[in-house]
Amino acid sequence: RRGPGGYDGIVHAALLNTGKILFITADETTLLWDPENTTPATFEDPVNQPHLIPNASEGYSVLCGGHSFLSDGRLLVVGGGGYGPNSKAKWGYKFDPVAKSWSRTAGSMVDDRWYPTVLTLGDQRTGNSHEVLVVCGHGGGDMEIYNEGTDSFAEIVSGDNKPFPELYPDLHLLPNHSIFYTRTGWASAGPGGGPFTGASDDQSAYFTLTGSNTGVWNNIAPKTPSMPDRSKGMSVMILSNTAPYVRILVMGGADPSTNNTYEIIDATALSPVANWGASSIFPDGQHRSLCSAVLLPDGNVFVCGGINSINSPCTSFNPQTNTWSPMDELPSIRDYHSAAVLLPSGKVMMAGWNNTKIEVYSPPYLFNGARPVISTAPSLVHHGQSFTIESPDAASIVKVVLVRPMAATHQTDTEQKVLEMPYIHDHANPTRLTLTAPHGGHPHSLAQQGHYMMFAINNNGVPSVAKWIYLH
């Protein structure tokens, strides 16, 4: 124990573009870990800690804040306050992966925030700066936008009229620049919470930004008494090059009568008449509250934790076949305050829940034969640019994807995305593939500027070790 917190363990985990994991721990300090360092794992202190930065609010804690990656790879962490709402939790702190140091934003937020959701917006949506949306964190809407260029926050002054019943509401930035609310989130803090009653208490909606700090909410799919409550449920956005192009998968929740179910909505073109698909029961019948969901490079969704028993089963969803498959058992209980993160190795790290162990999961694709190798790749590409990679296994490669690195806390990371890139085999050079970087049109909400992991996947479904690439 190194800080003012009451117990050990990991609460936040973010994969940096240096390949290291940044942990925000339950003792309210931060650590670095190299996932390749496992025998045994050793940890590194950053150059400084947020609460020790000169001019920081005395006793400031980033624990229980929200976070998102900025366009240059720094991690922005806003709010926090530790183990309870704190009126001092109005600041943002930025972690530089290369310098291994924290700095504070020039300006504070208007509102203090505990359990907020933080979402990177499309590139240079207005003006010449990148922006990040900050939502909730105290039971209300009250949205603000962080501007990278000015290093400051500004309130949404018009259209911010949705009273969230959730802390950490699950919000996804859609490729069409709208922000979709999924009904999932945290209700109250702690492992319990919900269910919410009444058709209007918790309704899906999408928010469209109409100006630099204005927008409008559009409700969809009114919640009926028969719809499952998704408090303490999780969600992921599944993208595809073929229809349906954008889907949202939600699962689990705090209500034991319905948390063995999942739902899917086609979010390609949302409108007030859009609706969720039927609620379906997990094939394994498991009840999951506070589970983690991780998008794998092959596009499958790995679901773990959220079951209060040792050796609890994990499961995986295949969006191509819309089927679930049983996975290995999770050795430890991973419940409240857990985080699962995809690693550049294609494995998944699991930590948290008042547990000092880190467990690493190897998906089935790592047992299907030799891994392809990306021998050379550019470190930077531009949106829509054609570029080449070299691989001795090019002839067997059937898919190349970009994966946004995860920054998860309290099971939640709504910024995950797996983007498949078109490719051409170079028959004149059998070790070369020509790829086209994602574009999607300005402001690039399909794939914001930033660092991504690039995986090549062969005809046995085996991914390479990732190469880091900067999309500009």
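This is a predicted model: local features need pLDDT of at least 70, side-chain atom pairs count only at pLDDT 80 or more; totals for chains, interfaces and linings use all residues.
Me: How many aromatic pairs does a search of the whole structure find?
Reply: The search finds 18 aromatic pairs.

Me: Why is the pair of Y60 and Y93 called tilted?
Reply: The planes of Y60 and Y93 stand at 45 degrees. Stacked needs under 30 degrees and edge-to-face needs over 60, so the pair is tilted. The centres are 5.0 Å apart, and the limit for a pair is 6.5 Å.

Me: Which parts of the chain does this pair link?
Reply: Y60 lies in the loop between β4 and β5, and Y93 in strand β7. They are 33 residues apart. Y60 and Y93 are both buried.

Me: What makes W186 and Y336 an aromatic pair?
Reply: Their ring centres are 5.6 Å apart. The cut-off is 6.5 Å, so they pair. The angle between the planes is 45 degrees, and this pair too is tilted.

Me: Why can we say that W186 and Y336 tie together separate parts of the sequence?
Reply: W186 is in the loop between β14 and β15. Y336 is in the loop between β24 and β25. The tied parts are 150 residues apart in sequence.

Me: Why does W186 count as buried?
Reply: Its relative accessibility is 0%. Buried means under 20%, so W186 qualifies. Y336 has 14%, so Y336 is buried by the same rule.

Me: Which residues do ring pairs link into a cluster with W186 and Y336?
Reply: W114, Y115 and Y168 join W186 and Y336 in that cluster.

Me: How do you know that the charged end of R104 is within reach of the ring of W91?
Reply: The charged end of R104 sits over that ring, 3.4 Å from its centre. The distance limit is 6 Å, so R104 meets it. R183 lies over the face of W276, at 5.4 Å from the ring centre.

Me: What makes D111 and R113 a salt bridge?
Reply: Their closest N and O atoms are 3.7 Å apart. The limit is 4 Å, so the pair counts. E144 also meets R113, at 3.1 Å from N to O.

Me: Where do E144 and R113 lie, and are they buried or exposed?
Reply: E144 lies in strand β11, and R113 in the loop between β8 and β9. The parts they tie together are 31 residues apart in sequence. R113 is buried at 1% relative accessible area, and E144 is buried at 0%.

Me: Why is E390 called buried but R432 partly exposed?
Reply: E390 has a relative accessible area of 19%, and R432 has 28%. The line for buried is under 20%, and exposed starts over 50%.

Note on methods: Residues are numbered from 1 along each chain as its sequence is written. Side-chain values use heavy atoms; hydrogens and water are left out. Rings of Phe, Tyr and Trp (its six-membered ring) pair if their centres lie within 6.5 Å; planes under 30 degrees apart count as stacked, over 60 as edge-to-face and the rest as tilted. Helices (H or I, at least four residues) and strands (E, at least two) are DSSP runs, numbered from the N terminus. Buried means under 20% relative accessible area, exposed over 50%, partly exposed in between (1.4 Å probe, protein chains only). A charge sits over a ring if NZ of Lys or CZ of Arg is within 6 Å of the ring centre and within 35 degrees of the ring normal. A salt bridge is a side-chain nitrogen of Lys or Arg within 4 Å of a carboxyl oxygen of Asp or Glu.
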